[in-house]
Amino acid sequence: VRVARLIVKSSDPSSSVERSRGKITLVGAGPGDPDLLTVKALRILESADVVFFDDLVAPEILELLPARVRCIYVGKPHHAAVITQDEIITQILAAAHAGLHAVRLKSGDPMIFGRSGEELAAAHAAGIPIEVVPGVTAAGGAAASTRISLTHRDYAQQVSFLTAVRRNGVLADVRGLAGVGKTLVVYMGLVRAPELSAALGADGVAANWPVAIVENATRPGERVILTTVGDLGPTVVRENIRTPALFIIGEVVKTYAADVMPASAAVETVSAFA
Ligand SMILES: C[S@@+](CC[C@H](N)C(=O)[O-])C[C@H]1O[C@@H](n2cnc3c(N)ncnc32)[C@H](O)[C@@H]1O
């Protein structure tokens with residue numbers, strides 16, 4: 001993986017030709033498996049001048065880029081303040097102002113828990129053309145690789161995607177999102193698992209309501225751990241679940257059948273409910 005630092009001067013009003021060429025594309029890299037990259041995403045990546053990429057973008061995807069494309073890491077591992085969102089936006093805008101095609105490569109789908117709204121607003125405000133190329137979101141990748149359909153005529157007529165943590169660090173409002181007829185997929189829930197479990201319980205979700213924890217969906221080392229809402233917090237600790245992971249909460253989890261998984265998937269299963 002080639003990683004470079006990009007140093008671009010901010011806009012030069014004299015070079016209107018270059019400025020008119022500059023543009024930004026927000027691209028979804030999918031959940032990890034490089035084969036899940038869309039044809040359009042690959043085409044855009046191949047034509048980019050510079051790619052600003054996140055933590056969860058698989059190295060195999062960066063290896064698909066032509067050697068001339070500069071790759072700049074702008075990840076925020078474990079939310080550490082290595083680079084702020086404002087700094088990322090400044091860098092992307094500066095690259096586009098310098099006449100470059102800047103790609104912001106995000107894991108999954110850029111429009112789901114990807115802070116794309118802020119980058120779109122900044123580009124619009126700066127008058128820079130910006131396009132979005134969707135990707136397979138982690139919930140879709142996890143559903144496919146576990147064969148747990150997120151909707152099911154018998155079990156779930158609706159599905160919600162929730163990030164466990166709000167901007168102010170407070171647990172998100174889970175009221176009404178889980179229970180009979182509903183599937184709830186929780187992103188970024190690991191550190192909030194005990195609180196999430198308590199909040200769901202307080203909302204009337206049964207302690208034995210099924211949960212599948214999917215770690216590294218579509219990536220090497222994918223694991224599926226079956227547990228319950230009541231035992232979610234202890235399971236995360238006991239099984240040493242690491243990011244990236246998400247929770248699928250609902251009766252659809254009952255359809256998970258470890259024996260249909262290919263042996264090569266290296267899936268481990270802990271069954272906590274019948
Ligand atoms: C900042 S969000 C980005 C979501 C992304 N935009 C998407 O659409 O999937 C990061 C969270 O997505 C989830 N995630 C991303 N990739 C995953 C994977 N391969 N397996 C399980 N969860 C994943 C995890 O909950 C992780 O903490």
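What share of the 274 residues of the protein chain count as buried? The answer is 49%, where buried means under 20% relative accessible area, exposed means over 50%, and partly exposed lies in between, with a 1.4 Å probe and protein chains only. Before I go on, please keep in mind that this is a predicted model, in which local features need pLDDT of at least 70 and side-chain atom pairs count only at pLDDT 80 or more, while totals for chains, interfaces and linings use all residues. Residues are numbered from 1 along each chain as its sequence is written, and side-chain values use heavy atoms, with hydrogens and water left out.

On confidence, pLDDT is the predictor's confidence in each residue, from 0 to 100; the mean for the protein chain is 89, and 85% of its residues reach 70 or more. Over residues 7–14 the pLDDT is below 50, and this stretch has 9 contacts in the model beyond near neighbours in sequence, a contact being heavy atoms within 4.5 Å. The pLDDT is also below 50 over residues 262–268, a stretch with 10 contacts beyond near neighbours in sequence.

Turning to the overall layout, the chain has 8 helices and 10 strands, which are DSSP runs numbered from the N terminus, helices being H or I of at least four residues and strands E of at least two. Among contacts between residues at least 6 apart in sequence, 70% join residues at least 24 apart.

Let me take the parallel sheet to begin with. Its 5 strands form an open sheet in the order β3-β2-β4-β1-β5, with parallel pairing, where two strands pair if DSSP finds at least two bridges between them. The edge strands, each pairing on one side only, are β3 (70–73) and β5 (130–133). Strand β1, residues 23–28, is joined to the parallel strand β4, residues 101–106, by 6 bridges, and threonine 25 has valine 103 in β4 as its bridge partner. Helix α5, residues 116–126, packs on this sheet and touches β1, β4 and β5, its direction making about 155 degrees with that of β5; axes here are lines fitted to C-alpha atoms, for helices over the stretch in contact, and angles run from 0 to 180 degrees between N-to-C directions.

The mixed sheet is also open, with 5 strands in the order β6-β7-β10-β8-β9, and its edge strands are β6 (156–163) and β9 (223–228), each of which pairs on one side only. Neighbouring strands of this sheet are turned by 20 degrees against each other on average, direction ignored. Between β8 and β10, which run antiparallel, there are 5 bridges, and the partner of valine 214 in β10 is leucine 246. Helix α7 packs on the sheet, touching β7 and β10, and its direction makes about 15 degrees with that of β10.

Helix α6, residues 138–146, lies across β6, β7, β8, β9 and β10, and runs at about 70 degrees to β10. Its buried residues are Ala139, Gly141, Ala142, Ala143, Ser145 and Thr146, and what covers them includes those strands, β6, β7, β8, β9 and β10. Just after α6, arginine 147 takes a positive phi of about 60 degrees.

What of the nonpolar cores, meaning sets of buried Ala, Val, Leu, Ile, Met, Phe, Trp, Tyr and Cys residues joined through side-chain atoms within 4.5 Å? The largest has 24 residues, and those with the most contacts inside it are Leu196, Leu200, Phe247 and Ile249. Two or more residues come from each of β7 (181–187), α7 (193–202), β8 (210–215), α8 (232–238) and β10 (245–249). Leaving aside neighbours within four places in sequence, phenylalanine 247 is in contact with residues including Leu184, Val186, Leu196, Ile213 and Val236. Apart from this core lies another, of 20 residues, among them Ile72, Val74, Leu120 and Ile130.

Finally, some backbone details in the loops deserve a look. Threonine 243 and proline 244 are joined by a cis peptide bond with omega of about 5 degrees, and proline 244 lies in the loop between α8 and β10. Methionine 188, in the loop between β7 and α7, has a positive phi of about 55 degrees although it is not a glycine, and at 37% relative accessibility methionine 188 counts as partly exposed. Threonine 218, in the loop between β8 and β9, likewise has a positive phi, near 65 degrees, but threonine 218 is buried, with a relative accessible area of 19%.
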